[in-house]
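Hi everyone, thanks for making the time. I'd like to walk you through one structure today, so please have a look at the picture before I start talking.

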Amino acid sequence: MLLLNLALRFLLEICLLIALGYWGMQTGKGWFLKICLGIGVPMIFAFIWALFGSPKATMPLNGTFHFMLEFVMFSLAVIALYAAGRKQLASIFAILIIINQILLTFFNQRA
């Protein structure tokens, strides 16, 4: 169960990037802006996560600050899905994030 929860966490992080890319491709007007938003926004989020949030982060955040980073990043991904017209998918994604957060706390798997 512990390994499954960490695997779910990793999949949610990948889905976060995919959701932001999907939003960028749906939001952009014209192919240039679609590509810039569809690739650029997920890259910015991946950079921020690598810098502050990942287990091997360059400047890792701890405790409350790490949780706030997670909350903001995952919330923006849910909002992006909702804004792109994928309301049901946004709801499912939000529910999975909440379940994962509860299990991370319950199993003491927070970094």
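Let's begin with α2: its 23 residues, at 1.5 Å a residue, should span 33 Å, and the end C-alpha atoms are 31 Å apart, which agrees. That expected span is 1.5 Å times one less than the number of residues in the helix. When I say helix, I mean a DSSP run of H or I with at least four residues, while a strand is a run of E with at least two, and both are numbered from the N terminus.

Before I go on, some housekeeping. This is a predicted model, where local features need pLDDT of at least 70 and side-chain atom pairs count only at pLDDT 80 or more, though totals for chains, interfaces and linings use all residues. Residues are numbered from 1 along each chain as its sequence is written, and side-chain values use heavy atoms, with hydrogens and water left out.

Okay, back to α2. Which residues of α2 are buried? They are Gly-38, Val-41, Pro-42, Phe-45, Trp-49, Leu-51 and Gly-53. Buried here means under 20% relative accessible area, exposed means over 50%, and partly exposed is in between, using a 1.4 Å probe and protein chains only. As a general point, an α-helix has 3.6 residues a turn, so residues three or four places apart point the same way. The buried residues of α2 pack against α1 and α3.

Take Val-41 as an example from helix α2. Val-41 counts as buried because its relative accessibility is 17%. Not counting residues up to four places away in sequence, Val-41 touches Leu-20, Trp-23 and Cys-36, where contact means heavy atoms within 4.5 Å. Val-41 and Leu-20 are 21 residues apart along the chain, yet their C-alpha atoms are separated by 6.5 Å.

Let's step back to the whole chain. How many helices and strands does the protein chain have? Four helices and zero strands, so reading from the N terminus you get α-α-α-α. Of the 111 residues, 32% are buried. A compact globule with 111 residues would have a radius of gyration near 13 Å, and this chain has 14 Å, which agrees. That radius is taken over C-alpha atoms, and the globule rule is 2.2 Å times the number of residues to the power 0.38. Along its principal axes, the C-alpha trace spans about 45 × 35 × 20 Å. Looking at contacts with a separation of 6 or more, 53% are between residues 24 or more positions apart.

Leu-104 sits in helix α4 and is buried, with a relative accessible area of 4%. Leaving out residues up to four places away, Leu-104 touches Asn-5, Leu-6, Arg-9, Gln-109 and Arg-110. Gln-109 is in the segment after α4, and it is buried too, at 17%. Beyond its neighbours within four places, Gln-109 is in contact with Leu-2, Asn-5, Leu-6, Leu-103 and Leu-104.

Ala-57 is in the loop between α2 and α3 and is buried, at 13%. Setting aside residues up to four places away, Ala-57 touches Ala-50, Leu-51 and Phe-52.

Last stop: a pocket. The second largest pocket has a volume of about 200 Å³. It is lined by 13 residues, with Cys-15, Ala-19, Leu-81, Leu-89 and Phe-93 nearest its centre. A pocket is an open set of points on a 1 Å grid over the protein atoms alone, where a 1.4 Å probe fits, with protein on both sides within 12 Å along at least five of seven lines; lining residues have an atom within 4 Å of a point. Grid points are joined across faces, edges and corners, and the volume is the space filled by probe spheres set on the points. The largest share of that lining, seven residues, comes from α1. The lining divides into 12 nonpolar residues, no polar and one charged. Ala, Val, Leu, Ile, Met, Phe, Trp, Tyr, Cys and Pro count as nonpolar, Asp, Glu, Lys and Arg as charged, and the others, Gly among them, as polar.
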